[in-house]
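My notes follow the display.

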Amino acid sequence: MRDKEFFFIIAITLALLVGYWGSTRKIGFWRAFLLSVLNIFIGIIAVLCSRKIEKKEEEK
């Protein structure tokens, strides 16, 4: 496996993890994922700044 492919897989995996983390917050999965694809640190900061979803909103 080439180095570029390896780092691409790692970057997408990390972006998916940040997206999953964002799905528990108001930012949502896709916004967190897309920001993380651009830059992982921007995605993490955006998720940290986003509020958690309250249980009332989760039931909808």
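I am working from a predicted model, where local features need pLDDT of at least 70, side-chain atom pairs count only at pLDDT 80 or more, and totals for chains, interfaces and linings use all residues. Residues are numbered from 1 along each chain as its sequence is written, and side-chain values use heavy atoms, with hydrogens and water left out.

**Helix pair.** I looked up H1 (residues 3–22) and H3 (residues 40–49). Helices here are DSSP runs (H or I, at least four residues), numbered from the N terminus. The axes of H1 and H3 come within 10 Å and cross at roughly 10°. Axes are lines fitted to C-alpha atoms over the stretch in contact, and angles run from 0 to 180 degrees between N-to-C directions. H1 and H3 are therefore roughly parallel, a label for angles under 35 degrees. On the H1 side, Leu 14, Ala 15, Val 18, Trp 21 and Gly 22 make the contact (heavy atoms within 4.5 Å). On the H3 side, I noted Ile 40, Gly 43, Ile 44, Val 47 and Leu 48.

**Ala 15.** Is Ala 15 buried or exposed? Ala 15 counts as buried because its relative accessibility is 0%; the cut-off is under 20%, with exposed over 50% and partly exposed in between (1.4 Å probe, protein chains only). Leaving aside neighbours within four places in sequence, Ala 15 contacts Phe 33, Ser 36, Val 37 and Ile 40. I also checked Phe 29: its C-alpha is separated by 10.0 Å from that of Ala 15.

**Leu 14.** Leu 14 is partly exposed, at 41% relative accessible area.

Notes:
Helix = DSSP H or I, 4+ residues; strand = E, 2+ residues; numbered from the N terminus. Parallel < 35°, antiparallel > 145°, perpendicular 65-115°, else oblique.
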